[in-house]
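Hi there,

I am passing a structure on to you, with some notes to read alongside. Please have a look at it first.

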Amino acid sequence: MIDLRSDTVTRPSPAMRRAMAEAEVGDDVFGDDPTVNRLQERVAELTGKEAALYTVTGTMANQTALRTFVHSGHEVIAEATAHVITVEKNSAATLSGVTYRPVAGERGLMTPEQIVEALKPDPLDVRVVDLVAVENTHQVGGGTVLPIETLRAIRKVTQEAGVPLYMDGARIWNASAASGVDVAEYAAEVDALMFCFSKGLGAPIGSILCGPRDFIREARRNRLQLTGAWRQAGVIAAAALVALEEGPGHLQEDHANARRLAEGIAEIFPDAAEPEHVETNIVFVDPAPLGSTAGDIAQRLKVQGVLVTQVAGKVRMLTHLDVSPQDIEEAIAAWRRLAA
Ligand SMILES: Cc1ncc(COP(=O)(O)O)c(C=O)c1O
């Protein structure tokens, strides 16, 4: 099977498995796990933030951040198709009483002007915004990179309004590989950010929230309230440390594979894919030009050994460490057979 459903499906590398087997561990609730501590310190150093907190998922990192930044009953400005809204809004509402002020972006990108508008105080003083959240890369937007200049302009706007800025950087390493902008440069423009080890970097489990020391202390308490305190997590933190070494260097190849996939599909179905918009490792295909639905196409590709998902009415495919250029050619051949 060629599994393009997500970049989360990768299997741990031999070096990760060795590191996991040999990991030095302790009880992280007591702050005693040396491998978790090493991971958190390493990420703080890489991002230029004071501290970091290892979490089991990206969703938990986002939810911990929201709970730490936002008062119950207050709002977050985020792009309408951002993960924190589409997948997490019910979690945010039920776990922390957080609601949203959604802004419709272009391929997932909000403009600073839209944020200025959304930040305007409610004349009745009923709705209060506590946080602006951006997503980089933007998943549903098609793996779109948030340009550093736009982020800086958004930063200026939020600072003027006195509202903190958070980044869901689940795929920030993809953004960095595509743009050449260092992860620390993105991190410098936000109050806090999270990223995932379990996506393009190839680790089996885990994400990390980074920010100022006081924020992370509070976030640690909130992670516990969200039932995310854990014990000998060093067993998997060891794989995350390896992912930080092995992962970033592979991302350019993932991006080239994604572009080739989109180009191959666009040659067969010209209006279905937009290779010019493939900036990182995510490819969306519109099923309409095929006279079909995303669900039907997913089924027909599966029969041919290619796994994809359907998101927002489109076929979604992600490239990752376990997909080779040869796999991409085979996937394109499967799409070609759909035309027959
Ligand atoms: C942009 C974005 N943020 C957050 C998440 C959540 O990560 P996790 O699946 O580890 O909870 C995802 C997962 O796909 C994502 O794409």
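Below are some notes on a sheet and on a loop residue.

Please keep in mind that this is a predicted model, where local features need pLDDT of at least 70, side-chain atom pairs count only at pLDDT 80 or more, and totals for chains, interfaces and linings use all residues. Residues are numbered from 1 along each chain as its sequence is written, and side-chain values use heavy atoms, leaving out hydrogens and water.

The sheet is open and has 3 strands in the order β9-β12-β11, with antiparallel pairing. Its edge strands, pairing on one side only, are β9 (282–285) and β11 (309–311). On average, neighbouring strands here are turned by 40 degrees against each other, direction ignored. Between β11 and β12 (residues 314–318) there are 3 bridges, and Val-311 has Lys-314 in β12 as its bridge partner. Helix α12 (residues 251–268) packs on the sheet and touches β9 and β12, its direction making about 15 degrees with that of β9.

On terms: helices (H or I, at least four residues) and strands (E, at least two) are DSSP runs, numbered from the N terminus. Strands pair if DSSP finds at least two bridges between them. Axes are lines fitted to C-alpha atoms, for helices over the stretch in contact, and angles run from 0 to 180 degrees between N-to-C directions.

Now the loop between α1 (14–22) and α2 (34–47), where Asp-27 sits. Leaving aside neighbours within four places in sequence, Asp-27 is in contact (heavy atoms within 4.5 Å) with residues including Trp-230 and Arg-231.

Best wishes
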